[in-house]
Each structure stands twice: as structure tokens, then as C-alpha cells.
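Please examine the structure shown below, then follow the explanation from one part of the chain to the next.

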Amino acid sequence: ESGSNDRGKEVNRKLPKLHAYHLVFEAYRSVMSSPRKRDVRSAVNKAERLLDEMIKAGIEPNVITFNLLLDTLARGGHGVIPNLCDRVDAVAERMAGNKYFLKMVGDNPLRKHEEEKLPFRVEPDLYTKHLLLGVYAEEGGSKRYMTRARRLLGSMEQSRSEMESSGRVSSNKRRNTGGREWSEDDFKSLPNRDSYNKVLRCMVHSGEESNRGSVRESILSSRNSQESHEWARYGTNLLGDMARHESSQPSKFSFNYVLRLWAKSGAQDAGDRAEELLSKMEVRAVVSTTFKKGNNDGLSQAEMPRPDALCYQNAIACWGVSAANSYPGAASRAMRLLDTMEAQVSPGFESFGTDDSRNYLLGHIYNEAVRPNRFVFTTLIMTCACTQLEEDKPEALRVAFDAYNRMIDAGLTPSSDTYAYLLKCCENLLPHEAKRDQRNELSRTVFDAARDNGAVNSRLLLCLRECNPVLYESYQS
């Protein structure tokens, strides 16, 4: 019997300790940076099998174990690891138990009195949620995983609120009023700018697989979409949440994601909301510059950027949504944004006034990043083509061709999309029988210009067929 005990102790001494397994998981994780996809997949498969082996060996995994495996999967990425979301789900369910996991990601809403009684095997921490959020948000367009990412972000924000209410001001451990102990790792896993941007980007791309048409068709099909409108409002609120914390100050990407959500929202006031976002960016940039000159290290120009040409382009697209929803004067409001862009890059700043006033203008008004490009002009013409109010159509037609002429004057080459949207303007803004001759003449002028610039393609021909069937048939023959 004593010999049997000695053999048992010897076996226990030979069993790898938990830390040893963690070192192996870390080794597999390090392979995720390899450019060889085969090596990455092999390391992920071995890491998943290692979890089974340690459990069979009687070594109970803890939260670090599961996080190491989840981190390995997350670093592998959707482009390399097949069925990544399913595999991550399997690990998370094994970690927390099915019911706790489903409650955590929001797939199985439970009544409040049930929530506190859910059993779990290993309680996921904030880093677990951070890893899951990244995998779900980068899945590529599924509404299901977008909803999960939003749920996890909300849970992480709730944890931040609990930390703040407990009077936490440092990374040392301290219990909050509910008895929860927050660690330094918890603080490192709180939502940061990257977390918010992943969710915003996921929302922008959610559902895009089912709608691959042109921007104009996307705008027109989004009208009266309550779901898209809610996403845009949610994204706008997230910007406010981001601005409240130093680690999550919104970037130019953040604002552009929300602008694109409004461009997909189908909301009549999308243009107004877009201009509000541009104004916020400008104000934040001015405040940042002012504090920077005052040697305040808390703010920087990089954290609070000014709008660039893409921001304005997305805002102009939002006016297209408003135009498609019969907002009075939407095309004219979009043209004002183009005026604003051109005013910020107009020549003459270098020779204006004294050195101090010239430097102020160059620092606060001149902004080369907003110089209108081909895409900005084309988006403005598209906005005009979306106009639905009959009384606005003459002005929208004037704005469209004014934008085209400014584009030519700026030395920019129109694309086939530019000419296609001009034909859409001819079709939509001169629709009545009494103006058929004017529409045919104008559409012929547009098509001739497109042909001379080598911009004729199948999409342009389809627009020509809708707008001027006679010219289309003659071109085909």
C-alpha cells in the first residue's frame, strides 16, 4: 500500500502543472503571426486539442487558459481560420456553460430574476468579452454577430460604470459596492477606441451582402427602414460614449462610420444629422488646437481631427437620403457643403494680412484634406438624382450640372458613374412628357461627353436606355 502511494505521488509530480500548459498555449499563439496559413491553422488545431488533453489529465482550466485559446483563435482571423465564430462559440460555451454564454451574448434573453442564478463553470472576465467582441465584429456582415458585438460592448460599458461608481481611480484592486473585485487586467480590457470602431464598422457592413447595387439604389431602398435608422442613432450615441473617456476618443474613422450609418438610415433628417457630426468634428479640432497651443498634454490634434474630403462626401450622401425622402432643398444643402469645402482650399491664404492673421487662417481654416475630389462631385450629382419633391427638381438639375462644370474646372476627370448619375438626373428631374425633347437633348450631350472621355460601360448604357431609348437603340445598331 505504501508503494502504491509512492507511485501515485510520482505520477502527480510528472503531471504538467497548469502554468506549463499556459506556456504551450502561448507558444501556439505566437505562431499566429506567421505568414504561412497552413502553420497558423495547424497551431490553432493543436491548441484546441491541448484543452481536451489537459482536462483528460485532470487539470482544470481557468479563465487564463480559456482566454489564451480564444486569443489564439482571434489572432488567426476569419480569413485563415474556417468557421471561426463557431469555434470561438464552442470554447466560450465550454468555458461558461451554455446558458451563461447565451445570456452573455444576448441570444437567450432571460427574466431578471433568473440572471443571478445562472451557473457557470469559469466566469468570463472583461478580456474574454473583449476577445469575443473582436471576433464577432470582424465576422463580415452577419446581423446576428453584429448584435452580439453590440451586446458585449454594452456589457463592458456597464462594467466601466460599476468601476466608476465604486470610486476606482487607480489600477490597484479594490472591491466595489457589490463585492466584485476589479483587477488591473480588467482596466486594460475596458472598451477603447478600437473596440468601438470595430462595432461601428460591423454595423456599417452588416447586411451589405444582400444589397450590392449602386449607392443611389441603396439610398432609395433604405427609405423608411426603422432598423437602419435605429443603428444610426445608436452609432451617434456611441460617439458620445467614446468622447467621455480618454482611451476611446473618437477618430476620423469613428465619425466616418457613423456618417455612413446615416447614409444607410433612410431617415429624412439624415443630412441634418450629418452636418451636426461635421460641426462636432470642427469644434473638437479647434478645441484640440487651442489646448495644444496652451501646452495641455491631455488633447492632441491626432485625437481630434478635422473633417476630410471623405467625411464631406459621406455627409453629401446623407443629403441624398434626405432628398430621396422629400426633404425640401436637400440638393441645395448638399451644394453648400461643396461650397464649404472649396472655401477651405481657396487660393490666397498665403498672401492674406499680417503674419499672425495668416498663420491663424492656415491653422484654423485652410484644410488641404478637404479639397474636393472626383468622388465628392459624383456623390453630389447622385444626391441631385435622388430628389423626389417636384418643386425641388429644377434647382436639383441646376446643382447637378453646376457640380459637373466645377469638376471639369478643377481639372478632374469624370468617371462612368459621374455620367451615369447625370443621366439619372435627366431621367428623374425632367420626367414629364412636355420636357421630353429637353431630356433627350440633354441626355445626348451627357452621353457624347462620356463617349469622348472613354467612360461608356454597361451600366452607363442601361441608364441611357432608361433615359433616352431612341439614342440607346441607335447606339446599339
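In this predicted model, the buried residues of helix α5 pack against α3 (37-56), α4 (63-76), α6 (98-105), α8 (126-137) and α9 (143-165). Helix α5 itself covers residues 84-96, and its 13 residues reach 18 Å from the first C-alpha to the last, close to the 18 Å expected at 1.5 Å a residue. Its buried residues are Leu 84, Cys 85, Arg 87, Val 88, Asp 89, Val 91, Ala 92, Met 95 and Ala 96. Just after α5, Gly 97 takes a positive phi of about 90°.

Arg 87 deserves a separate look. Its relative accessibility is 18%, and because buried means under 20%, Arg 87 counts as buried. The side chain of Arg 87 meets that of Glu 48 in a salt bridge, at 2.8 Å from N to O. Glu 48 belongs to helix α3 and Arg 87 to helix α5, so this pair ties together parts that are 39 residues apart in sequence.

A search of the whole structure finds 27 salt bridges. Another of them is formed by the side chains of Arg 406 and Asp 339, again with 2.8 Å from N to O. Since Arg 406 lies in helix α20 (residues 393-409) and Asp 339 in helix α17 (residues 330-344), the pair ties together parts that are 67 residues apart in sequence. Arg 406 counts as partly exposed at 21% relative accessibility, and Asp 339 is partly exposed with a relative accessible area of 34%.

Arg 398 is partly exposed, with a relative accessible area of 43%, and Asp 402 counts as partly exposed at 23%. Salt bridges that share partners join Asp 339, Glu 342, Glu 395, Arg 398, Asp 402 and Arg 406 into one network.

Ser 228 lies in helix α13 (residues 226-243). With 16% relative accessibility, Ser 228 counts as buried. Leaving aside residues up to four places away in sequence, Ser 228 touches Lys 264 and Ser 265.

The protein chain as a whole has 24 helices and two strands. Of its 477 residues, 46% count as buried. Among contacts with a separation of 6 or more, 72% are between residues 24 or more positions apart. The chain exposes about 24,000 Å², of which carbon and sulfur atoms supply 48%.

Definitions and conventions: Residues are numbered from 1 along each chain as its sequence is written. This is a predicted model: local features need pLDDT of at least 70, side-chain atom pairs count only at pLDDT 80 or more; totals for chains, interfaces and linings use all residues. Side-chain values use heavy atoms; hydrogens and water are left out. Helices (H or I, at least four residues) and strands (E, at least two) are DSSP runs, numbered from the N terminus. The expected span of a helix is 1.5 Å times one less than its number of residues. Buried means under 20% relative accessible area, exposed over 50%, partly exposed in between (1.4 Å probe, protein chains only). Contact means heavy atoms within 4.5 Å. Accessible areas come from the Shrake-Rupley method with a 1.4 Å probe; for residues, only the protein chains shown count as cover. A salt bridge is a side-chain nitrogen of Lys or Arg within 4 Å of a carboxyl oxygen of Asp or Glu.
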